[in-house]
Amino acid sequence: MTTGNTIAAIATAIIPQQGSVGIVRISGSEAMKIAKTLFHAPGKQVWETHRILYGYIRHPQTGQLVDEALLLIMKTPRSYTREDIVEFHCHGGIIPIQQVLQLCIEAGARLAQPGEFTLRAFLNGRLDLTQAESIADLVGSQSPVAAQVALAGLQGKLASPIRQLRANCIDILAEIEARIDFEEDLPPLDESTIAQEVNNILVNLSQILATASRGELLRSGLKVAIIGRPNVGKSSLLNAWSRSDRAIVTNLPGTTRDVVESQLVVGGIPVQVLDTAGIRETEDQVEKMGVERSRRAAESADLVLLTIDASAGWTELDEVIYQQVKHRFLILIINKVDLVKSEFMESIFYPETIKNVVTTAVINNQGIEQLEAAIINSVNLGSLQAENLDLAINQRQAAALTRAKVALEQCLNTIKNNLPLDFWTIDLRGAIYALGEVTGEDVTESVLDKIFSRFCIGK
């Protein structure tokens, strides 16, 4: 990424006829000059840092009025990027915002690349790499828990223990290298103590690595497919669960012809629920397409909710559908229990291989809480929720920490096999480098490009 000049970008989402305010952000050495070229503040307003000025944005050549706006000034180093930053707070809407951005570019700025503002904050030492990634997580968070974890990362609660582990590795490395360089002047190295210190680092490292699954769920969410034969109450289940009328509900089999989606939050985890067309043999070409999409949805889902009708029991078609999805994580939903007597419920047959079963009467909103509890247990959310809420590493961080873990394990084997001290240092340096990748002390430009390319342009 190019970082040596002044950049500009739209820093807010622009929705036609809906956004009341739009922001154009400029960062770099020419930011103040560009602002004074475009912005006219009436009266005796003072152009000082952390001031908001009121005025007008005008075309510098023609003097044509572009917008009435506010100007926010944040001079280095007290800014997001630790460079001079100015922000034009304009009226929302595509036209005025794009006009202001174009004027900034004509005045000497260039369009920012994705994540370039945050990249500059990292390169200028305001943020470490975990904090930068937490900003992206916060912007993209789909649940309050995900936002909480992202804020914890932004406050350095992930970077702090990683830095401490890295510092411990450096201390051990320094002690070993001192023995290599000044062997005759120092007492012998206590190998058992070194091994114990490395093992302690491994224990703490493993605890952080254990949060990777939770981090993946918080960021990517869970995809759940409701499947079953026609008219068993799949759409009613979606509507009751989401407390909306997303799906059309009738007594006619085959009403749902396509996959209907709803976004929910279960146990702090974002859940995408897919209501699928009833699976059956049909001559209707449109319904055939819906059935095929249902099968694909079930294959791509993390969890399948196989729904049957309590009044009909386990039918031959239910068995056919089960054989198609039994290799997936699965919960059996026995719906419409309000239509049958309790003694009939006890006689309903279903395969013994199905361990997770929930009974519902979704027309009466019965069984939804039990369903959510079963989902939490089936994908091990219970144990994930019990972990440290402040930590939830992402895939990149997990990969680097795994490399550090492998290097430290190799170091322990090296000590155990009585190999020369030079071999110890090789493994320790590998662990130190991998830990440095997490926080950004040791990171390549290609890694930075990959990380920040996922950001929005204005961030």
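Leaving aside neighbours within four places in sequence, Thr-425 is in contact with Leu-173, Ile-176, Glu-177 and Ile-180; contact means heavy atoms within 4.5 Å. Thr-425 is found in helix α16, residues 421–439. Helices (H or I, at least four residues) and strands (E, at least two) are DSSP runs numbered from the N terminus. Thr-425 is buried, with a relative accessible area of 4%. Buried stands for under 20% relative accessible area, exposed for over 50%, and partly exposed for values in between, with a 1.4 Å probe and protein chains only.

The model is predicted: local features need pLDDT of at least 70, side-chain atom pairs count only at pLDDT 80 or more, and totals for chains, interfaces and linings use all residues. Residues are numbered from 1 along each chain as its sequence is written, and side-chain values use heavy atoms, with hydrogens and water left out.

The chain holds 17 helices and 13 strands. Of its 459 residues, 47% count as buried. Contacts between residues at least 6 apart in sequence were also examined; 68% of them join residues at least 24 apart. The chain exposes about 22,400 Å², and carbon and sulfur atoms supply 51% of that area. Accessible areas come from the Shrake-Rupley method with a 1.4 Å probe; for residues, only the protein chains shown count as cover.

Phe-39 lies in strand β3, residues 39–40. Phe-39 counts as buried at 2% relative accessibility. With residues up to four places away in sequence not counted, Phe-39 touches Trp-47, Leu-53, Tyr-54, Gly-55, Tyr-56, Ile-57, Ala-69, Leu-70, Leu-71 and Phe-88. Phe-39 and Tyr-54 are 15 residues apart in sequence, and their C-alpha atoms are 9.1 Å apart in space.

Tyr-54 and Leu-70 also belong to a nonpolar surface patch. Together with Ile-52 they make a patch of about 270 Å². Patches are made of residues with over 30% relative accessible area and no salt bridge; like charges are joined within 9 Å, and nonpolar side chains (Val, Leu, Ile, Met, Phe, Trp, Tyr) within 5 Å. A salt bridge is a side-chain nitrogen of Lys or Arg within 4 Å of a carboxyl oxygen of Asp or Glu. Ile-52 sits in strand β4, residues 51–58. Ile-52 is exposed, with a relative accessible area of 56%.

Backbone geometry was examined next. A cis peptide bond joins Thr-76 and Pro-77, with omega about 0°. Pro-77 lies in the loop between β5 (65–74) and β6 (85–91). Arg-82 is also placed in the loop between β5 and β6. Arg-82 is not a glycine, yet its phi is positive, about 60°. Arg-82 is partly exposed, at a relative accessible area of 38%. Asn-365, likewise a residue other than glycine, has a positive phi near 55°. Asn-365 lies in the loop between β13 (357–359) and α13 (368–378). The relative accessible area of Asn-365 is 53%, and the residue is exposed.

Helix α5 spans residues 144–154. Ala-146, Ala-147, Val-149, Ala-150, Ala-152 and Gly-153 are buried in this helix. An α-helix has 3.6 residues a turn, so residues three or four places apart point the same way. The cover over the buried residues of α5 includes α4 (129–140) and α8 (212–220). Gly-156 follows α5 and has a positive phi, near 90°.

The structure holds 0 disulfides. A disulfide is a pair of cysteine sulfur atoms within 2.5 Å. For Cys-169, the closest cysteine sulfur is in Cys-411, at 8.5 Å, too far for a bond. Cys-411 is likewise in no disulfide, and its nearest cysteine sulfur is that of Cys-169. Cys-169 counts as buried, at 0% relative accessibility. Cys-411 also counts as buried, at 0%.

In an unreviewed entry, UniProt places the feature "binding site" at Ser-235 and Thr-256. UniProt positions are given in the numbering used here, feature names are shortened, and annotations may be inferred rather than shown by experiment. Ser-235 is found in helix α9, residues 234–242. Ser-235 is buried, with a relative accessible area of 8%.
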